[in-house]
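Please work through each task before reading its solution.

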Amino acid sequence: MKNKLSLTIALLAISTAMFAQQDPLYNLYYYNQAMINPAYVGLYKSMTLNAATRQQWTGINGAPITNIMSFTSSLGERVGAGTTLVSDQLGINRTTEMQAAFSYKVINSNKGVLSLGLQGGLINYRYDYSKLNIQSLDDEDIDMNRTQFTQPNVGAGLFFHNENFYAGISVPRIMNVVVGDGVQSSTRYMRHYYISGGYIINNKFNSSIKLKPSFLLRMAPGGNHALDLNFHMLFRETIWAGITVRNFSTLGVSTQFQVGQRFRFAYSFELPTNGLLGQTYGTHELSVMLELSPMRHQQKVIRYF
């Protein structure tokens with residue numbers, strides 16, 4: 001069965017050479033949304049280093065593997081900036097992306113903060129056809145000689161939050177990526193839209209526990225949408241624990257440990273509830289975050305969103 005699944009992954013990888021590729025999935029975005037919304041960078045008065053890795057459907061050859069590194073910082077009361085490096089591999093495909101983001105707090109008051117973000121960068125798409133074991137390939141849509149190409153892209157987003165609530169909307173990559181050889185062309189990527197929101201509920205019966213329901217809706221062309229419904233609990237301002245349901249076909253659990261107000265370690269585990277159940281060791285995601293305040297205006301922060 002796993003060999004059949006590996007073949008399915010390989011065919012999926014080939015199909016991305018002909019059809020629009022999807023954004024990589026994340027699960028630990030609810031601890032750092034800079035990876036999906038440029039308006040989030042510099043949202044807090046701090047400097048943040050974040051590294052994350054995600055291995056999807058472990059045990060299946062060619063399954064997606066995503067690695068992320070990001071650096072964000074506030075640059076004053078209203079301005080933020082950051083960079084993000086993403087490496088995403090699926091079968092024979094490897095996508096490497098580098099983005100620089102800037103944000104500006106259009107509203108910055110005690111009632112809430114509304115931030116506008118823009119980002120831009122380069123995305124490199126690479127195909128390693130040597131990993132395929134195919135006797136003949138006569139599909140004209142697959143150019144075996146075109147093993148890589150690089151395209152620019154830009155993104156934008158809005159993010160609002162106050163003490164207990166947040167909402168965001170973003171398009172991290174606005175430009176569709178179309179590649180042609182002078183005779184024919186193919187769309188390798190089409191823009192995705194993200195809508196997120198969440199709320200902090202203070203426990204009236206136990207002040208050491210906070211509750212946070214949240215959601216993320218990712219909309220992609222062709223009806224390839226993903227809806228995450230999350231519910232998390234925060235214990236003594238130190239340990240997060242929660243569950244996620246994605247499209248009612250994937251169930252995940254996650255936790256984040258906070259050491260002081262500087263160091264955070266997060267882990268997520270997901271299992272499919274469809275036909276892949278029992279054929280994979282699940283999806284694992286790890287994140288390490290270091291939060292500093294070296295600039296005069298920066299300070300130690302309590303981060304709920």
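A residue is buried under 20% relative accessible area, exposed over 50%, and partly exposed in between (1.4 Å probe, protein chains only). The model is predicted, so that local features need pLDDT of at least 70 and side-chain atom pairs count only at pLDDT 80 or more, while totals for chains, interfaces and linings use all residues. Residues are numbered from 1 along each chain as its sequence is written, and side-chain values use heavy atoms, leaving out hydrogens and water.

**Exercise 1.** Classify V178 as buried, partly exposed or exposed, and locate V178 in the secondary structure.

Solution. Step one: the relative accessibility of V178 is 45%, and therefore V178 counts as partly exposed. Step two: V178 belongs to strand β8, residues 177-180; strands are DSSP runs of E with at least two residues, numbered from the N terminus. Step three: the C-alpha atom of V178 is separated by 7.2 Å from that of Y189, eleven residues apart along the chain.

**Exercise 2.** Describe the nonpolar cores and the surroundings of I36.

Solution. Step one: a nonpolar core is a set of buried Ala, Val, Leu, Ile, Met, Phe, Trp, Tyr and Cys residues joined through side-chain atoms within 4.5 Å. Step two: the largest such core has 29 residues, and Y26, Y29 and I36 have the most contacts inside it. Step three: beyond its neighbours within four places in sequence, I36 is in contact (heavy atoms within 4.5 Å) with Y26, Y29, S170, P172, Y194 and L216. Step four: a second, separate core has six residues, including I123, Y125, F149 and V177.

Conventions: Helix = DSSP H or I, 4+ residues; strand = E, 2+ residues; numbered from the N terminus.
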